[in-house]
Amino acid sequence: MNDDVKPCGECSLCCKLMGVDLGGTYKKAGDWCRHCNPGQGCAVHETRWDGCRHFQCAWTTSPSMPAATRPDKCKVVIARHTYSEGDNVVIAYVEPTKPFAYRDPIILGALRKLAKDGFHVGIRIGHQTLYVLEDGSVVEDQHGTA
Ligand code: SF4
Ligand code: SF4
């Protein structure tokens, strides 16, 4: 592991909030992965699939994000997605039982900075998706209308 990457510790929130390809079967976003022991980690850690092995949320790679914003504490997993070359997509997956968690000033500030820097930034709360625009506004569709 890269020395600059923070360890996940007791966090496993990406194993709940994100959809994951488990080598042929698909774990839906919002359901705990059947291999996850929340608070303890992945029961198949040594043989987990590539998608899991290579995933690092933004908290692990961002020195400026403090311990209090570890995903299991702040209830938001921020992930960069590259669907094709050149994509700059960031999704913040919010724990649906804490739907306003993304409004934490550090989290929303980070999302606004990413939007200002040219990323397409979405906020996923269960089935709802919000977007963060370049001017920092948070809207229900990408054209800026609520
Ligand atoms: S959400 Fe981030 S910190 Fe939490 S387990 Fe996943 S990669 Fe690690
Ligand atoms: S296989 Fe392990 S790392 Fe992958 S989603 Fe399930 S619990 Fe998480």
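I began just after helix 5, where glycine 118 takes a positive phi of about 105°. I note here that I am working with a predicted model.

I then checked the length of helix 5, residues 105-116: at 1.5 Å a residue its 12 residues should span 16 Å, and I found the end C-alpha atoms 16 Å apart, which agrees.

Next I looked up which residues of helix 5 are buried, and found Ile107, Ala110, Leu111 and Ala115. They cover an arc of only 140° around the axis, so I place them on the same side of helix 5. On the face turned away from that buried side I found the exposed residues Pro105 and Gly109. For what covers the buried residues, I listed helix 4 (71-74) together with strand 5 (76-81), strand 6 (89-94), strand 7 (120-125) and strand 8 (128-132), among the elements included.

I turned to the largest nonpolar core, which has 32 residues, and noted that Val76, Val77, Ile78, Ala92 and Tyr93 have the most contacts inside it. Two or more residues each come from helix 1 (14-17), helix 3 (58-61), strand 5, strand 6, helix 5 and strand 7, and strand 6 gives the most, with 5 residues.

Last, I looked around ligand 1, which 13 residues surround, the closest being Cys8, Cys11, Cys14, Cys57 and Pro71. Sorted by class, I recorded this shell as 9 nonpolar, 3 polar and 1 charged residues.

Key
Residues numbered from 1 in each chain as written. Chains lettered and ligands numbered in written order. Predicted model: local features only at pLDDT ≥ 70, side-chain atom pairs only at ≥ 80, totals over all residues. Helix = DSSP H or I, 4+ residues; strand = E, 2+ residues; numbered from the N terminus. Expected span 1.5 Å × (residues − 1). Buried ≥ 20, exposed ≤ 12 C-beta atoms within 10 Å, placed from the backbone. Arc of directions from axis to C-beta. Contact = placed C-beta atoms within 7 Å. Near = placed C-beta within 6 Å. Nonpolar A, V, L, I, M, F, W, Y, C, P; charged D, E, K, R; others polar. Core = buried A, V, L, I, M, F, W, Y, C linked by C-beta atoms within 7 Å.
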